[in-house]
Each structure stands twice: as C-alpha cells, then as structure tokens.
Amino acid sequence: MELAIVVTPSETEPAINYTLVCQDGAPAAESKHPQADAACTALKNHPAILNAPARSTDRACTQQYGGPQRATVTGIVDGTPVDVSFARTDGCQIAAWNAAGDVLGPTGGAL
C-alpha cells in the first residue's frame, strides 16, 4: 500500500504532505508520516476508513463546523485505487475525518 496524504490546516497555512507506505500492516522505510505505525495499523484493521461515504440527500448531518482543515488521500490500498477528500464542515464529514484520523496525521489542530 502506498498513499500520498495532503492536509491543509487552513486557508492561510501551507499544506502538509505525507507519504505512507505499509507492508503487512507495518510502515516501510520510505514512509514520511509522523505516526506511520498507527496509520498502517488503522488501515490494516479498517481499510474501509478511506472509502468516502456517498453524499445522500436522505442522510441527515448535524450542522456543526469542525474547523477549516481539509485533506486528500490518493494512492493504492490492497490493489484498489484511493482518491478521497476529507473536510470538517458538518457532522458527517467530521465523523469521516475522525475515523481516518490516524491516517491523516496530527495536523491542523483537528482532534
């Protein structure tokens, strides 16, 4: 598995780029991720955390703002292409961000 992760903490802060490479649930030497062990373990145990939930009109999301952070994750997980975006602009998106938190890394002040 190999992923490129770009986290933008806010509109005024520069993007932070990580590379995550995992083999059998462990980070490879070329990983440039501050919590590579946790990220690889999270993906090994829950590979679906990078599946973006489809935006549905029949799903209610709380109207809360979690912050300006945005992230994109691209690459390959278990032979499947990944190209997903994350934000913190409503309850559904905050939940997706939190689920993928280990992969997104400790950036942007998002908990």
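**Around the sheet and its helices**

Modeller: Let's start at one spot: V6 has T72 of β4 across from it. This is a predicted model, where local features need pLDDT of at least 70, side-chain atom pairs (heavy atoms, with hydrogens and water left out) count only at pLDDT 80 or more, and totals for chains, interfaces and linings use all residues. Residues are numbered from 1 along each chain as its sequence is written.

Biologist: How many bridges join β1 to β4?

Modeller: Seven, and the two strands run antiparallel. Strands count as paired if DSSP finds at least two bridges between them.

Biologist: And which helices and strands are there overall?

Modeller: The protein has three helices and five strands, in the order β-β-β-α-β-β-α-α from the N terminus. They are DSSP runs numbered from that end: H or I of at least four residues for helices, E of at least two for strands.

Biologist: In what order do the strands sit in the sheet?

Modeller: It goes β3-β2-β1-β4-β5, an open sheet with antiparallel pairing. The edges are β3 and β5, each pairing on one side only.

Biologist: Which helix packs on the sheet by touching β1, β2 and β3?

Modeller: That's α1. Touching here means contact, with heavy atoms within 4.5 Å.

Biologist: What joins β1 to β2?

Modeller: Six bridges, antiparallel again, with β2 covering residues 16-23. V7 faces I16 of β2, and I5 has Y18 in β2 as its bridge partner.

Biologist: How many bridges between β2 and β3?

Modeller: Two, with β3 being residues 26-27. C22 has P27 in β3 as its partner. There are two residues between these strands in the hairpin, and D24 takes a positive phi near 55 degrees.

Biologist: New topic: what share of the protein is buried?

Modeller: Buried residues are 38% of the 111. Buried means under 20% relative accessible area, exposed over 50% and partly exposed in between, with a 1.4 Å probe and protein chains only.

Biologist: Which residues touch the most other members of the largest nonpolar core?

Modeller: L3, I5, L20, L50, V73 and F86, out of 24 residues in that core. Two or more residues each come from β1, β2, α1 (36-45), β4, β5, α2 and α3, and α1 gives the largest share, five. A nonpolar core is a set of buried Ala, Val, Leu, Ile, Met, Phe, Trp, Tyr and Cys residues joined through side-chain atoms within 4.5 Å.

Biologist: What does L50 touch?

Modeller: Leaving out residues up to four places away in sequence, L50 touches L3, L43, V73, V77, V82, V84, F86, A100 and V103.

Biologist: And α2, which of its residues are buried?

Modeller: G91, C92, I94, A96 and W97, in a helix that spans residues 91-99. Those buried residues pack against β1 (2-8), β4 (70-77), β5 (80-87) and α3 (101-104).

Biologist: Last one: what fraction of contacts join residues at least 24 apart?

Modeller: 50%, among contacts between residues at least 6 apart in sequence.

How values were computed:
Axes fitted to C-alpha atoms, helices over the stretch in contact; angles between N-to-C directions.
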